[in-house]
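Please read them with the structure open.

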Amino acid sequence: MTYTLPAGVPTQLWLGGKLVDSSSGTTFSVIDPANGKVLTEVGDATPEDGRQALGLAVAAGLEWAATPPRARGEILRRAFELVQARADNFARVITLEVGKTFTDARSEVHYGAEFLRWFSEEAVRISGRLAAAPSGNGRILVTKEPVGPVLAITPWNFPLAMATRKIGAALAAGCPTIVKPAEETPLTTLLLGQVFVDAGLPPGVLSILPTSDAPALVETLIDSPQLRKLTFTGSTGVGKLLIRQSANRLLRTSMELGGNAPFLVFDDADIDAAVEGALAAKMRNGGEACTAANRFHVAREVAEEFTDRLTSRMAALQTGHGLDKQTDLGPLVTEKQRTQVDALVRDAIERGARVRTGGSIPEGPGTFYPATVLDQVAAGSRLLQEEIFGPVAAVCVFDTEEDAIAAANDTPYGLAAYFYTRDIDRATRVASALKTGMIGVNRGVISDAAAPFGGVKESGFGREGSVEGIEEYLDTKYIAL
Ligand code: NAD
């Protein structure tokens, strides 16, 4: 097996639909985390490149906003078809730069493409309303207008889907967009740039700027009065920083931030289904997902059975290069990420957690970490409070429904939660008591382009996908008639 990039992956910046070198002429390396080898060098965008991209976005913006919604939708539809047609190419690039398995990468391509199809259909459904003023002396016309140039900042864990979820909605709404992909994974997003050129997107409307110095580029763009919207997916810490920076200009922001999803298994759960759901909720993307189940709270009556079965499934997962057919679990994205995951595991063990499988960094090249199950995890352990972002399942036991809900909600985060029960009354009660933006009931995977994705509390605000997603890129205007 050769672990090389397919031909034709762009490595320069997309400036308004044209591939160009960085204004500084410099590049930075993209690494395959499975073996530490350099995949390629990509152009390193500077603040000057950012200013140029914004200038092009402003110049193209009015015409794009005035382009008939049907025409905008048709470009997005063509982009959807092109991503689907190039799915294997995309999946290979995703596997090489993120480390996830080819199967996970294919699922991401399918999921990511769906946002383009979804928003191709939403572009023609933007509407306002007309009402009679209660006083009878006029009419109230409410219209929706594109907010203007958008900066989209994306994380490394879903380099295609996090980009299409933002670009699809922004372009459907009529907004020109600049994407700043994560420095670990710029190649997938650069490949997506070619799709939009081939789909007929007019020049200037979309730029893609990888950089090794995100703060400098992003600050320049946020400080510019021409930028009208910031949409960010990433960690809560960086999200807070960007909100503070955006406050100076009262920039509109959407924040899809970190999570700490609880996964509850009640004593009346279907344990077969709960184990399957747990594997999906924990191991999709190797645990590197903001919606990943972070902590398993299991009813005492079923805890042993559930943990034994989860352990034997996790212990059977084979680590290896994501492109190898037998691999179930690829490497973590960087050494930094692996060190953080291991520190959380060490902390839990020091506080008394029992290692059921995995639990330590293996020898050899690549940033691998084994599928790990810990039980008897003590309250106060860091991995119950912090996002693990790796293949580690922490199991705790509860005695009552009230205790389970209290434990689930005991976090500053509020992105996703999962629970398993066969009792419909309990399902209704628990779903309404959990303080998260998304809930899976007897399901371990919840993401869907047609569903509103987003969190509450320190998991952020704003929604992506669904009918709510396009609203993030529209201003409301009231016209008195
Ligand atoms: P990160 O916050 O480190 O980086 C995210 C993006 O922000 C990257 O593009 C990065 O280059 C950029 N960035 C970092 N520091 C910056 C700064 N000072 N100024 C401007 N830009 C900056 O997060 P990550 O490690 O790439 O991704 C993992 C995090 O993302 C996790 O916390 C995860 O939960 C979260 N995430 C959330 C969702 C969601 O939808 N809620 C989805 C995926 C990932």
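1. Start at S235: an N or O atom in its side chain is 2.5 Å from an oxygen atom of the ligand. Please keep in mind that the model is predicted.

2. For E183, an N or O atom of the side chain lies 2.5 Å from a ligand oxygen. For K180, the corresponding distance to an oxygen atom of the ligand is 2.9 Å.

3. How much of the ligand does the protein bury? Taken alone, the ligand exposes 840 Å², and the protein buries 89% of that. The space that the ligand takes is the largest pocket.

4. Several elements give two or more residues to the shell around the ligand. They are the helices α5 (161-173), α7 (214-223) and α8 (236-247), together with the strand β10 (229-233).

5. There are 30 residues around the ligand, and those that come nearest are T154, E183, S235, L257 and E387. By type, the shell divides into 18 nonpolar, 7 polar and 5 charged residues.

Key:
Residues numbered from 1 in each chain as written. Predicted model: local features only at pLDDT ≥ 70, side-chain atom pairs only at ≥ 80, totals over all residues. Heavy atoms only, no water. Near = heavy atom within 4 Å. Polar contact = N/O pair within 3.5 Å; in protein donor to acceptor, adjacent residues only side chain to side chain. Areas by Shrake-Rupley, 256 points an atom, 1.4 Å probe, with all protein chains shown as cover. 1 Å grid on protein atoms, 1.4 Å probe; cavity = no way out; pocket = protein on both sides within 12 Å on 5 of 7 lines; lining within 4 Å. Sits in = over half its atoms within 2 Å of the grid points. Helix = DSSP H or I, 4+ residues; strand = E, 2+ residues; numbered from the N terminus. Nonpolar A, V, L, I, M, F, W, Y, C, P; charged D, E, K, R; others polar.
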